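Please find below some notes for a colleague who has not looked at this structure before. They are meant to be read with the sequence and the model open.

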Amino acid sequence: MTSVTIIGAGLGGLVLARILHLNGIPASIYEADPSADARKQGGQLDIHAEDGQAALAAAGLSEAFQAIIHEGGQATRLVDAQGVLLFEQGDDGSGGRPEVLRGDLRRILLESLPQDAVQWGRKLTAVAPLGRGQHALTFEDGTSVTSDLLVGADGAWSSVRSLLSDAVPAYLGTSFVETWLLDVDMRHPATAEMAGEGAMFALVPGQGIFVHREAGAVLHAYVALTRPLDWFEAIDFSELAIAKGRIAAEFKGWAPELTALITAADTPPVLRPLHALPTGHRWARVPGVTLIGDAAHLAPPAGEGANMALLDGAELAAAIVAHPDSVEAALAAFEAAMFPRAEAAAAVSHEILAHCLDDRAPFGLIDFFQSAARQA
């Protein structure tokens, strides 16, 4: 039986390992982070019935998933720069895209695996083909292993990708600045009321503020600006007051309930430049190796990435189970289905980002939401 070597303990790699484990197929995950708690795991994710939830069901984790849902998190509001409500949609529990914290989702996946399934603190530094589908992997700590089936689940800046493709993520012209407000109902009631119970978007052409309410009276915001990368690189984000002031200056004249998400942030602002691989990124079949998740099809953040990673992991596991005696048959079957699916999802992600920030903002996004509601 072929063992599977997975680089990266993100959602895709973990669900792949979980389903393989259920089917008695050995898998080892190598993760650069020193521990599961080494860094924040991001904010809310809307997990879709047709892909992310289907993958979790295949992993036997539907009940665990239900237990971490943020009730009311599917509610959506759009406001203008003055905080005037333009669109609102409540959450009655029937939306099919419940919200969960990425950290909670990763936790239930980790808890579903044997304790030794993930080897922490193993940063991949070199990978070389050995022939017959095998690869030599060298890690920063000087150790090395040989893979029979290598899966790059190592994100946007994948080390494994170079075995398959020369593509590298390109900057999209927009960056997010990530902030948090804590204990908002007591400390920032006006901002909390404007944000509502789920997601809020405050948008104008070229800039916006995206907010999710998280459990425990937390508002998690992404402040979007369409600017060249060197504009952001000129800001010293280690200097809290300077960074807040420079970003807030771009929102002069906006409602104070909105700008408080920048000026009153309880955590240092974190720069998140947006990058993407070419839409429709694919590669010729290379023996013994494939990619899943952002390593394969990085796209703008628009609710698709986590779902695609989960489905990638589940579908790759299903292909391996279906072809126990042929790694190549499994990988060929997986990639043939994944490539067009990922291309379609990436196109939607680019479309949604454009609706948020193009010359019609916010009305393109309102049209998108209204169309989706009619089709539901």
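**Notes on the predicted model**

1. The hairpin of strand 4 and strand 5 has five residues between the strands, and Gly 83 in this hairpin takes a positive phi near 85 degrees. The model is predicted, and that applies to every point in this note.

2. Strand 4 covers residues 76–79, and strand 5 covers residues 85–89. The two pair in the antiparallel sense over four bridges. Within this pairing, Arg 77 stands opposite Glu 88 in strand 5.

3. Strand 4 also pairs with strand 13; these two run parallel and are joined by four bridges. Here Arg 77 has Met 200 of strand 13 as its bridge partner.

4. Are the residues of strand 4 buried or exposed? Thr 76 and Leu 78 on one side are buried, and so are Arg 77 and Val 79 on the other, which leaves both faces of the strand covered.

5. Met 200 sits in strand 13, which spans residues 199–204. Its relative accessibility is 2%, so Met 200 counts as buried, the cut-off for that being under 20%. Beyond its neighbours within four places in sequence, Met 200 is in contact with Arg 77 and Val 79, and also with Met 194, Ala 195, Ile 209, Phe 210, Val 211 and Leu 258. Ala 221 is 21 residues from Met 200 along the chain, and their C-alpha atoms are separated by 9.3 Å.

6. Which residues have the most contacts inside the largest nonpolar core? They are Leu 16, Leu 105, Leu 310 and Ile 320, in a core of 61 residues. Leu 105 touches Leu 310, and its other contacts outside four places in sequence are Leu 11, Leu 45, Ile 47, Leu 56, Phe 65, Ile 68 and Val 100. In soluble globular proteins, nonpolar side chains tend to be buried together.

7. Asp 51 is worth a separate look. This residue lies in the loop between strand 3 (44–46) and helix 2 (52–58). Asp 51 counts as buried because its relative accessibility is 6%. Leaving out residues up to four places away in sequence, Asp 51 touches Asn 307, Met 308 and Leu 311.

How values were computed: Residues numbered from 1 in each chain as written. Predicted model: local features only at pLDDT ≥ 70, side-chain atom pairs only at ≥ 80, totals over all residues. Heavy atoms only, no water. Buried < 20%, exposed > 50% of the residue type's maximum accessible area, 1.4 Å probe, protein only. Contact = heavy atoms within 4.5 Å. Core = buried A, V, L, I, M, F, W, Y, C linked by side-chain atoms within 4.5 Å. Pairing = 2+ DSSP bridges.
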